[in-house]
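Subject: Structure handover

Hello,

Here is the structure I promised to pass on. Please open it first, then read the notes below.

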Amino acid sequence: MNKIKIKICGQNNPAIIEHCLNIGVNQQGLIFYDKSPRYLDNDTLKIINKYFNNFRECFVGVFVNPTFEQIEQKLSIYNFQTIQLHGNEDQEFIDQIKLQFQKRIYKSIS
């Protein structure tokens, strides 16, 4: 029997992030789409890096039609282990992202 895994997206409050880690949430999505009300700014990302650096495998950077530079900039602040793509990214772009950043990739499909 497969174990159920839980991922919560839109995390931007360090206290809630810590609570989710304590109760066993498997992954937490950090939204880097500036039009989202759950957008995570760089200052909060730096706090996550400071307090949750040992939990990088639990965090997913969520992007919509990003550039390589946008992903690289976020990874320079906090080296999360998974990239989730929510835009119109094609397979060639996804392959390039995976090759360049050596991260697990999730692709959302509408």
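Helix α2 covers residues 42–52, and its angle with α3 is about 45 degrees. The two axes are 9 Å apart. An axis here is a line fitted to C-alpha atoms, for helices over the stretch in contact, and angles run from 0 to 180 degrees between N-to-C directions. From α2, the contact uses Asn42, Leu45, Lys46 and Asn49. From α3, Gln73, Lys74 and Ile77 take part. Contact means heavy atoms within 4.5 Å. By class, this contact has 2 nonpolar, 3 polar and 2 charged residues. Nonpolar covers Ala, Val, Leu, Ile, Met, Phe, Trp, Tyr, Cys and Pro; charged covers Asp, Glu, Lys and Arg; the others, Gly among them, are polar.

Two notes on the source. The model is predicted: local features need pLDDT of at least 70 and side-chain atom pairs count only at pLDDT 80 or more, while totals for chains, interfaces and linings use all residues. Residues are numbered from 1 along each chain as its sequence is written, and side-chain values use heavy atoms, with hydrogens and water left out. Helices (H or I, at least four residues) and strands (E, at least two) are DSSP runs, numbered from the N terminus.

Now more on α3. Its buried residues are Phe68, Ile71, Lys74, Leu75 and Ile77. Buried means under 20% relative accessible area, exposed means over 50%, and partly exposed is in between (1.4 Å probe, protein chains only). The cover over these α3 residues includes α2, β3, β4 and α4.

Next, the sheet. It is open and has 5 strands, in the order β1-β2-β3-β4-β5, with parallel pairing. Strands β1 (7–9) and β5 (104–107) are at the edges with a single partner strand each, so one side of each has no neighbour in the sheet. From one strand to the next, the twist averages 25 degrees. Two strands pair if DSSP finds at least two bridges between them.

Take the strands in turn. β1 and β2 are parallel and share 3 bridges. Cys9 is opposite Gly29 in β2. Strand β2 (residues 27–31) joins β3 through 4 bridges, also in parallel. Here Leu30 is opposite Gly61 in β3. β4 (residues 82–85) pairs with β5 over 4 bridges, in the parallel sense. Leu85 has Lys107 in β5 as its bridge partner.

How many residues of β3 are buried? The count is 5 of the 5, so β3 is largely enclosed by the rest of the structure. Phe59, Gly61 and Phe63 point one way, and Val60 and Val62 point the other way. β2 is mostly covered too, with 5 of its 5 residues buried. Gln27, Gly29 and Ile31 are on one side of β2, and Gln28 and Leu30 are on the other.

Helix α4 (residues 91–101) lies across β4 and β5. Its angle to β5 is about 155 degrees.

Then the aromatics. The whole structure has 7 aromatic pairs. Rings of Phe, Tyr and Trp (its six-membered ring) pair if their centres lie within 6.5 Å; planes under 30 degrees apart count as stacked, over 60 as edge-to-face and the rest as tilted. Phe59 and Tyr78 are edge-to-face, at 5.6 Å centre to centre and 85 degrees between the planes. Phe59 is in β3 (residues 59–63) and Tyr78 is in the loop between α3 (68–77) and β4, so the pair ties together parts 19 residues apart in sequence. Both residues, Phe59 and Tyr78, are buried. Phe68 and Phe93 have ring centres 5.3 Å apart and planes at 65 degrees, so this pair is edge-to-face. Phe68 sits in α3 and Phe93 in α4, 25 residues apart. Phe93 has 16% relative accessibility, so it counts as buried. Phe32, Phe63 and Phe80 form one aromatic cluster.

Last, Ser108, in the segment after β5. At 23% relative accessibility, Ser108 counts as partly exposed. Beyond its neighbours within four places in sequence, Ser108 contacts Gln84, Leu85 and His86.

Best wishes
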